[in-house]
Amino acid sequence: MPCFAPSVLADANTSVTDLLFVHPFPAGSLYKPRNRGELVAAVMRTRDAGNSLRAHGSNWSLSPAGVARDIVDTSALNLHLSRPFPGHGEQLPANRFRAGGSGFLHAVAAQNPPAQGRRFVHVEAGIKIRDLLDDLAKCGSALPTMGDGAGQSLIGAISTGTHGGDLREPPLVDRIQALHLVSASGREIWITPSQGLFANSDLVTQLPDWCGDARFIADDTAFAAARLGVGRMGIVYSVVLEVVEQYTLIEANMEHRWPEMRAQLAASRISPQGATGIFDAPISDMESGWLRNAILQRTEFIMPDAVFRYISGPEKWPVAPAFFDQNPQVYRELLDGMRLDGLADDLRGGPAMPLHHVNLAISLPEPHRCFMRRRWKRIPPVRDLNVGHAPDDDLVAAVKANKNNPPGIVEALKERLEIDPFLDFLGWLTHSEKKERLDFYLDSEIANIAQQHAAIGATSGEALFIVLHRIANDAVLDARSDVARAAGQVIAGSFSRTARAGRASGTLGQNMLDAHDYEIDGAQAGNSGEFHFDAASNAYLDFIEDVIAAARRRHPVFGYIGVRFTPRSSALIAMQQYALTASVEVSTIRSRLEDVYGDFWNEVHDRARARSGIPHWGQEMRHNRAELEALYGNSLARWRMVLADLAEGFPKVFMTDFSLDKGLEPSSAAPAGNTDDDIEVFLLGLAAGFDDEPARLNRDVDEPLPVEDLIRALHDIGVDFSVQESDLRSWLANPLLTPYPAISQALLLLGVRLRLPVFLDVIAWNYENMPTVNSPRTVADVRTDVLKAAIIEGAQVRHGIQISNFDQLLLGN
């Protein structure tokens, strides 16, 4: 039976809300487990009461994925369970370990050749990422990637798909090596890949307080599903996470013109052959390369001071003026004036660094303006440069100091409106009607709006938004453009520091990865949705234009569009389903007093669906079950199969309105979609390792599967590609003129998974170049012996190995 504690702390009838007050709800019971036994007890209590359950860390999720009848607060499950491997740096203090910390990681990895040069931590899943960053810095390690904020719990961020903008680093979920789950029955389950480092059951079952009732699952499909479970698989107690050596990030923030940036993005690609367009921006130092050019393109000669000065804004010159090549001392003086001379000294003579990270923001109040944050990664340290947050102005400071007291910001806001040039008040002195209207706001209306927000329990940020919105739309003031310009400057302020540099991990304010301003939490409400597209297509750019057009029809919209790029994830229902995925986040401020942007958001979600954008599990989403089935195809079907097993006969414990609406239910309970029948299920079963063939196969096996399903299914068995994804898609969609559809389905019908990945385009080329073999157009044309030989040859060339027979390539052998 499950190993549960006799009791667990709980609060009854608690109000729960999220970061931006999108979906507050009452929780019947809010459990506060302090250890694993109490966590199991909380699950079993909910199970026996017939309620639904979800785990919460910081509850930053803006989707209702975490809404349930009962809640588990994982805040106290925040310790290391094992001593970090390999143990570099200073020792973590004793209070960072549960029961002193075991030697599990060292027992697994110390004498294991595949673990050499790698780093791991074994932590409780409720640990906040900001605490983990601090711990890792003490060990000389860092997270390889993360989102912009570190306030989330580790598993909360991972289980909803939170990601960064690192061009060659998949989301953090891909760094999970094993997870320890409490299932719906209360039974504990250890889940890890079949050939993973942590698939040694003899060592795992020696973990302190290992429950004799626990299951041990070493299976690739179960692992790919459970890693990103959106809270539906159970409550994750702990994870083994692979981390990396501490590194340094060099950051540059530049403004661009959106029409020009859009054209550059349309021609930019990342492939095995290299990077092009905006992604091709390597630097080694500040004396040459992209960064020097970008600075000089924004440098002007200022009279009457007769000095060269960097001017923030978009490029002033198409290329760096040749003058600086002939007068290098002038550029050095320019860097000194920008206080970048120390960074220039530290980078001089260092290694070349490809562009590592891109974060693009488009200003919705001024959509011709966009800002790009670029980062480069290196191991050698540099002196810290602008690592902490910039100081707040008086109005922002007033908002932070009066989060739940809107009247507390009235005087600061009135002072700003009286002196800020954005409304050009000096020019209004001769226009008495405008002056009288402004006095109406200053004398009474601002205070009235603040009081109205206080009366409904809204925040000071919400009150500030409504004041500015009403001023912008006031027909007498005619200040729409001026307010839009002021709002645009707020967005520009987030990119105001031309350069920053420092360590990736560290304590709050002393690391580069955590860009979140925690002091503003609780001071504002908002809406945010994020949608994911194939970066090799123009769909994401078309969606951006859709959003900009919607914003212009409602000008000014106070918000931004954020764009980041991430490689494909191996988690089944991760949003990163493409070789390079473009994520487009739309975010606006909101007031609970007045739904200003309701129509705008209806249009945003409609256009996202029309463009086949994959919604973020942790952001606002309106896609239904059928739409998600169409986007995820076989991956969602396989995820459901795993859920059916892990539910352990209690499918309703983690069932919620959200999981029902989105189709996140066991395969037996989920209504069949177009991926759950006929040949697709047959191929899915083979790829997943199931031996039971469906009772009926009504479809001809030569009828090609949808291209998206083929690519995903091939990825799952270890077949990827080295050509442009757009080219591959066109070949897979053409069974009459190319061998790709026939070879792809024949690969799936082999019913195996490859231990080492092999390129599909290489397999096809090898097959067609075998002697006395015709290019196949149907599955029946494909000779299995030739296909296996083509796979072997592709693996040998790619991985530099010698293989005597096909079975050596298979997982499990």
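In this predicted model, the link between cysteine 3 and cysteine 211 is right-handed, with 80 degrees about the S-S bond. The sulfur atoms of cysteine 3 and cysteine 211 lie 2.0 Å apart and form a disulfide, and a search of the whole structure finds one such link. A disulfide is a covalent bond between the sulfur atoms of two cysteines. Cysteine 3 belongs to the segment that precedes β1 (10–16), whereas cysteine 211 belongs to the loop between α5 (201–204) and β11 (215–218), so the pair ties together parts of the structure that are 208 residues apart in sequence. The two partners can also be described by their accessibility: cysteine 3 is partly exposed, with a relative accessible area of 35%, while cysteine 211, at 2% relative accessibility, counts as buried. Two further cysteines may be noted, of which cysteine 139 is buried at 8% relative accessibility and cysteine 370 is buried with a relative accessible area of 0%.

Serine 185 is placed in the loop between β9 (176–182) and β10 (188–192). Because its relative accessibility is 8%, and a residue is taken as buried under 20%, serine 185 counts as buried. A polar atom of the serine 185 side chain lies 3.2 Å from the backbone nitrogen of arginine 187, and the side chain of serine 185 also makes a polar contact of 2.8 Å with the side chain of glutamate 648. When residues up to four places away in sequence are not counted, serine 185 touches Pro2, Met44, Arg47, Ala647, Glu648 and Phe650. Glutamate 648, the partner in that polar contact, is itself placed in the loop between α21 (634–646) and α22 (657–662), and its phi is near 50 degrees, a positive value in a residue other than glycine.

A positive phi is also found at asparagine 13, which is not a glycine and has a value of about 55 degrees. Asparagine 13 is placed in strand β1, and at 67% relative accessibility this asparagine counts as exposed. Cis peptide bonds form another group of backbone features. One joins phenylalanine 85 and proline 86, with omega about 10 degrees, and proline 86 is found in the loop between β5 (80–82) and β6 (97–102). Another joins histidine 555 and proline 556, with omega about -5 degrees, and proline 556 lies in the loop between α18 (539–552) and β22 (559–567).

Helix α8, which spans residues 289–296, has six of its eight residues buried, so the helix is largely enclosed by the rest of the structure. The buried residues of α8 are Trp290, Leu291, Arg292, Ala294, Ile295 and Leu296. Leaving aside neighbours within four places in sequence, isoleucine 302 is in contact with Val307, Arg309 and Ile311. Isoleucine 302 and glutamine 452, by contrast, are 150 residues apart in sequence and 49 Å apart in space, taken from C-alpha to C-alpha.

The packing of a pair of helices was examined as well. Two packed helices are described by the angle between their axes and the distance between the axes. For helix α24 (residues 707–717) and helix α26 (residues 740–749), the axes come within 10 Å and cross at roughly 45 degrees, which means that α24 is oblique to α26. The crossing of α24 and α26 is left-handed. On the side of α24 the contact is made by Leu710, Ala713, Leu714 and Ile717, and on the side of α26 by Ser744, Gln745, Leu747 and Leu748. An α-helix has 3.6 residues a turn, so residues three or four places apart point the same way.

Technical notes. Residues numbered from 1 in each chain as written. Predicted model: local features only at pLDDT ≥ 70, side-chain atom pairs only at ≥ 80, totals over all residues. Heavy atoms only, no water. Buried < 20%, exposed > 50% of the residue type's maximum accessible area, 1.4 Å probe, protein only. Helix = DSSP H or I, 4+ residues; strand = E, 2+ residues; numbered from the N terminus. Disulfide = S-S within 2.5 Å. Polar contact = N/O pair within 3.5 Å; in protein donor to acceptor, adjacent residues only side chain to side chain. Contact = heavy atoms within 4.5 Å. Axes fitted to C-alpha atoms, helices over the stretch in contact; angles between N-to-C directions. Parallel < 35°, antiparallel > 145°, perpendicular 65-115°, else oblique. Left-handed = near helix turned anticlockwise from the far one by under 90°.
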